[in-house]
Amino acid sequence: MSLLESRFTELLPLHEMELRLARATIAAMGRLDRKDEATLRYALSLARVWLVRAPDGRDVAVSGNLRAYRARLHDLLAPLLGSDRTRLPEAFELQASARVAGPLARTALTELDRDLGHRLPAAALDREVRERHLVLVCGGGGGTGYVHLAAFALLESAGLHPSLIAGSSMGAVLGLFRAREKRFDLARIPEILSELTYRKIFRITPQASQYGLPGAMRIRLREAVGHWFLHPDGSPLRLSELAIPLLVTVTGIRRGRLPRPLEEYERLVRISDPDPSKWGLGMVAANMRGMVAAFTELIQIPNVAQKLVFGASEETRQADALDAVGFSASVPGVLHYDVLRDDPRMHELLTGLLARHDLLRLCDGGVVDNVPARSAWRFVQRAGLPGSGSRNTVTLALDCFAPRLRTPLWLPLQQIAAASVSRTRNYAHVYHPFERTLSPLQILPSPRALEQIIRSAKEELLEELPVLQRLLEPIPAL
């Protein structure tokens, strides 16, 4: 077990307690005194602190100093807020625990100041404990991903702005549109979609393969939406230049491990028209076997696939944003994205990246991690949030491709994706699998279809909104 995995195992019970405390507070409907709620929130938040960014920019480790406090707080609150408890605690039970948790936290603060006060000002620790930041994780799934727009709009209306976005495949594409500005304007989306056609985005004409895994159709993101991601001087926007930091999950195929010849991936599916509305059910069903085979091989054969997270290192943060999401959305055997233009900087970056990791090609991030909550958590724990250095985050993970019996045609691929999601969903405070989505093939939905699915998705998420608001509310001083 790695050090980060060990850290997660130790902190997971506290994450779960925070979530149950938020739900219990809402259920109490005002019967729990706000001071007692604040005391419990502060006590749990302090117990989770591992590293704190000091004013000089260095990280100060406090976890060892807090270990005994963390154990005592866990023993105090587990009978009320533990994951094995079948019901939420009553207000009077929480009130009694708060009266014990407060002195425990004050003692821990006093000991921290005694041991680390020369390196860590109390104000820096207090800020790390009390200020919370939203991390938004967007899963992939083609047209199913448009439900993410509902989350963007709902969070915006509630005044909840993400400090970090992570996405795979379509989640990365839509995450990029969200990350280009601090504020989100849902009204701009129909305007963007109105400019697009399937023939503008996809081509069936042959194309060389240099970095991307081949597929039947070529993604032409730069030609279709590239003008939305340019500086005034015409230069492309890099990941490092987005208004909100973005992590893009991409699958790397290890050299010498690919189970079939490269050129065979262009023949796995038979597509005669780039417009999915003209394919028909028979064509989709006939090609499903090829799609499932491609995903299954890359996931199940040992040492074939490796996860890359563009935006998690300084090198990949300098990648063109459109190129990163293009590779993340390139479905094996179906969609092919590549960088074939005259761009020495991107060629040097990609060539170096593939060489260092001994990779042959890049493809859809959903192959290895369709809802990358763990990648987001690991990035925050290692580096802290860009700008603030804080590690005090609340993660909302959105899964638009969760298995649903009402869509049996896509169930095989959904089950493949669900296997990776099951290993990462615990890294999110709130994980939401959508019940209703568009079809994966509805990459360019009609205005009416888009409006209906956004309305439906908002209704689904409304139940989670009060919990998120409670978790993200700044914590009062102890």
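1. Leucine 125 is found in helix H5 (residues 122–130); helices here are DSSP runs of H or I of at least four residues, strands are runs of E of at least two, and both are numbered from the N terminus. Leucine 125 is buried, with a relative accessible area of 7% (buried is under 20%, exposed over 50%, partly exposed in between, with a 1.4 Å probe and protein chains only). Beyond its neighbours within four places in sequence, leucine 125 is in contact with Val49, Val52, Leu109, Leu112 and Leu120, contact meaning heavy atoms within 4.5 Å. Its C-alpha atom lies 8.8 Å from that of valine 49, a residue 76 positions away along the chain.

2. On the basis of the note: this is a predicted model, in which local features need pLDDT of at least 70 and side-chain atom pairs count only at pLDDT 80 or more, while totals for chains, interfaces and linings use all residues. Residues are numbered from 1 along each chain as its sequence is written, and side-chain values use heavy atoms, with hydrogens and water left out.

3. The protein as a whole has 18 helices and 12 strands. Its radius of gyration is 23 Å, which agrees with the value near 23 Å for a compact globule of 478 residues (taken over C-alpha atoms; the rule is 2.2 Å times the number of residues to the power 0.38). The C-alpha atoms fill a box of roughly 70 × 45 × 45 Å along the principal axes. Of the 478 residues, 57% are buried. Among contacts with a separation of 6 or more, 81% join residues 24 or more positions apart.

4. Helix H1 (residues 3–28) and helix H2 (residues 34–48) have axes that come within 10 Å and cross at roughly 165°; axes are lines fitted to C-alpha atoms, for helices over the stretch in contact, and angles run from 0 to 180 degrees between N-to-C directions. That makes H1 roughly antiparallel to H2 (over 145 degrees; under 35 is roughly parallel, 65 to 115 roughly perpendicular and the rest oblique). The crossing is left-handed, that is, the near helix is turned anticlockwise from the far one by less than a right angle, clockwise being right-handed. H1 contributes Leu11, Leu14, His15, Met17, Glu18, Leu21 and Thr25, and H2 contributes Glu37, Leu40, Arg41, Leu44, Ser45, Ala47 and Arg48. By class, this contact has 7 nonpolar, 3 polar and 4 charged residues (Ala, Val, Leu, Ile, Met, Phe, Trp, Tyr, Cys and Pro are nonpolar, Asp, Glu, Lys and Arg charged, and the others, Gly among them, polar).

5. The axes of helix H6 (residues 147–157) and helix H7 (residues 170–179) come within 10 Å and cross at roughly 30°, which makes H6 roughly parallel to H7. The crossing is right-handed. His148, Leu149, Phe152 and Glu156 of H6 meet Gly171, Leu174, Gly175 and Arg178 of H7; these divide into 3 nonpolar, 3 polar and 2 charged. In H7, 10 of the 10 residues are buried, so this helix is largely enclosed by the rest of the structure. Arg178 is among the buried residues of H7.

6. Helix H11 (residues 280–300) and helix H16 (residues 411–424) cross at roughly 15°, with axes that come within 10 Å, and are therefore roughly parallel. H11 passes H16 in a left-handed crossing. Met288, Met291, Val292, Phe295, Thr296 and Ile299 of H11 meet Pro412, Leu413 and Ile416 of H16. The contact has 8 nonpolar residues, 1 polar and no charged.
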